[in-house]
Amino acid sequence: MTDQTNDGDWVLEKSGELKPGSSLPDSLNLDPDTHGPGDVPLGINQPVLITFNSFANGRGFSLARQLRERHGPSLRIVAQGHLLPDQARHAFQSGFDEILISDNALKAYGAHAWDTALQTAVGALYLGEVSGGGIWSRRHGHELT
Amino acid sequence: MGTTKLSGKNADRAHILTANSLLTGRSLYWTPEGWSQSPDNAIRAENSEAVAELEARGKAEELVNMVVGAYVVPLASRDGNEPVAMRERRRIAGPSIALPGALTGPASA
Amino acid sequence: MYTYDAHDQALVDARAHEFRDQVARRLAGQISEDEFKPLRLQNGLYLQLHAYMLRVAIPYGVLSADQLRMLGFLAERYDRGYGHFTTRQNIQYNWTQLSDVADMLDHLASVQMHAIQTSGNCIRNVTTDAYAGVAADEWVDPRPVAELLRQWSTLHPEFAFLPRKFKIAVTGAAEDRAAMKFHDIGIAASLGENGEPLFDIWVGGGQGRTPRVAVLFEAGVSLPNLLPVLDAMLRVYNLHGRRDNKYKARIKILVAEMGLEAYRDEVYADLANRDGSVFDEAPKEYARIEAQFAAAQQPPLTPTNVDRTDPAFAAWLDENVMAHRVEGYAAVTISLKSKGAIPGDATADQMKAIADLAERHSASEVRVTHRQNLVLPWVPQDELRAVFDALVELGLAEANIGLASDIIACPGLDYCALATARSIPVAQRLSIELRERERREDLRGITVNISGCINACGHHHAATIGILGLNKAEQENYQVTLAGRADEGAQVGSILGPGFDAESLPSAIHRILDAFQALRKDGEDLASVYARVGKDPFKQAAFAPLEQAA
């Protein structure tokens, strides 16, 4: 775990908006294969950056969800590394706030695919996110809209 | 697919290149005319340089998204196109059983 | 039955649309094959030996007549006129094309079906007792909880890229007809004192190269706690399951390596740290689903004395017709194991005809069993004769459910890219010979299951006579296991000895059955005889002639 500045060339936000990236200063960097939620102190002000070494390894989704559950909405949780546009919804629904995307990844998968990732993917799931929502809430009258 | 090591009993064998069509999934074999569903005219690599060339061809064909899973298949003898592996022989011959139902629909073409 | 509302429908429509986009990007080269593979697998699409294979989900094995008709239509329109019902209550099409799959998913969505999570390293289609809601020995109808689990697991964002596949089965009856203890998680529902369902959760069962019977994780979990516990169990597996070796990646290995206690501690530590409010609506959702299944239960009828004078009809009643929990009905199992048939295969015409029968005689409902047969769950007793006559016309009246010729077989090397030997021809030959034999002697309770490779899709570990096809120096070789059980007394079969070639296998099976009949006392089943006398008498019988010849 190291503290360092990371640059994403592009950032996909939870709103679905794709923007040119800005630097992410002083992030707490986590590798989901070796780090757990205990590595993030309560009350931390730094953003947490979780790196996906392979898109096929879904540990980062569970780690993000654990952090969101323990730290609430104030913790900024950012993903980087090998993720497909198709996994943007998994990341956001698991508690990530942003995904850093390199120029290479933008070119390889296509800017359009990133730009439309959240419109293309299935958004409404049965189980809500930590922040609420979900088909079950809507069905049973607890959706705050 | 990794590069096949031509060691042991396969070192002296001829090889042909196979893959599956990305669009249809059908087994294909590399011939002088390109990909064919039949191995009959498949290009035979008789030495290790030729096998490496076939493998490079397989990778190039994967990169243009025509085929997936290209690899070379060792043949049982110097004459004839029968693979050593039972799996590859079955892949060429198709199911050994009488298929149920009438052969309808575009997939039977 | 469960019927989609606008939310369910929107989800499967959106998933079909998403897959169409994924195929387009794959064809345009924007996703590599390595990246596309998990995406297509999560929509049931495999690349097999000869073609793409599409596995369509039949959630907990329940189909309406319209849905079965659609499955027949898809077989005709996009495949070669048939499909294969699997041991996980799904159906597979063997000859599909990538370019057609999105259209097939649209057709499926139009009848409230999909192919979501029928493959890939995610939570697979939840299976259950094919006789749910109709079996006389049932404590709790397992379908509402199976549907609740379907909804929870569908596109669950955390669990789409697990270390390995994850299979869940639910039962709610005295007899386990879902092989619950051979699943990553098995759930046994019963009724608590207050009339609320309680759930025993079993973990770490499975077949494959390391067969294991599940162990009890916790007994008597209440409905409000069920999903939080399952979600935490999956999370600990996702975080700690091995990803360095695919053969050690299933939860059975994690639980064995961590120890059950340590695994349980991790699960409860995670639960203690989480906000469980996302699960608050689950009991209400369960009640909503349960009400739908309850409304579909049929009112009792006046019981009928069925005329048994026709011996063929009487034999079919004895073997294929099960007592029903509701007065005046019977549950009819349609054997897809006629003499010489391919286990689990049905033609488009047969699917349509069975859909018609279900509409006329079974409240428009059909089930798929994990032994690869179909069930008409609501046949009025006075319509049994009409159903039998119609099945005779269709060639589907084989009276062999639960007999030795009711063989489970995976597709094997005739279709499967992973197979090491063929399964289907072995099943066909044995079904002919065993069908002859069971007319002369009692072979009830003998299960013959055939897998074409160590992955054990044909459930050979769980059969009284299991057959595993291997590749021995590029020749097919068949290893026999004895005394496995898939039911509530689940146990892994024992390997008898070296394998047999395809020619000598059937006679070896006959000699094993001869030994069984000679050793059997008072109608014992094979597992009991085996437990009493051990392996040696069976081994001697199976191998004796071979040794003499050597």
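The second largest pocket is lined by 35 residues. Nearest its centre lie Glu175(C), Arg177(C), Arg371(C), Gly402(C) and Thr447(C). Four elements of chain C each give two or more residues to this lining: helix 10 (311-320), strand 11 (321-323), strand 12 (329-334) and helix 15 (526-533). Helix 10 of chain C gives the most, with three residues. The space in the pocket comes to about 950 Å³. Its lining has 13 charged, 11 polar and 11 nonpolar residues. The model is a predicted one.

**Chain C with its partners**

Chain C touches chain A and chain B, as set out below.

| Pair | Residues in contact | Buried area | Share on carbon and sulfur | Salt bridges | Polar contact pairs |
|---|---|---|---|---|---|
| Chain C and chain A | 48 residues from chain C, 42 residues from chain A | about 3900 Å² | 57% | five salt bridges | 22 residue pairs |
| Chain B and chain C | 32 residues from chain B, 39 residues from chain C | about 2900 Å² | 59% | zero salt bridges | nine residue pairs |

**Chain C against chain A**

Five salt bridges join chain C and chain A. In one salt bridge, the side chains of Glu285(C) and Arg139(A) meet at 2.8 Å, N to O. On the chain C side, at least two residues each come from helix 1 (6-27), helix 2 (33-41), helix 5 (143-153), helix 6 (223-240) and helix 9 (282-296). Helix 1 of chain C has the largest share, nine residues. By class, the side of chain C that touches chain A has 20 charged, 18 nonpolar and 10 polar residues.

**Chain B against chain C**

Polar contacts are present, in nine residue pairs with both residues at pLDDT 80 or more. Strand 1 (15-21) and helix 2 (86-93) of chain B each give two or more residues to the side that touches chain C. Helix 2 of chain B supplies the largest share, five residues. The classes on this side of chain B are 15 nonpolar, 12 polar and five charged residues.

How values were computed:
Residues numbered from 1 in each chain as written. Chains lettered and ligands numbered in written order. Predicted model: local features only at pLDDT ≥ 70, side-chain atom pairs only at ≥ 80, totals over all residues. Heavy atoms only, no water. 1 Å grid on protein atoms, 1.4 Å probe; cavity = no way out; pocket = protein on both sides within 12 Å on 5 of 7 lines; lining within 4 Å. Points joined across faces, edges and corners; volume = space filled by probe spheres on them. Nonpolar A, V, L, I, M, F, W, Y, C, P; charged D, E, K, R; others polar. Contact = heavy atoms within 4.5 Å. Buried area = accessible area lost by both parts, 1.4 Å probe. Salt bridge = Lys/Arg side-chain N within 4 Å of Asp/Glu carboxyl O. Polar contact = N/O pair within 3.5 Å; in protein donor to acceptor, adjacent residues only side chain to side chain.
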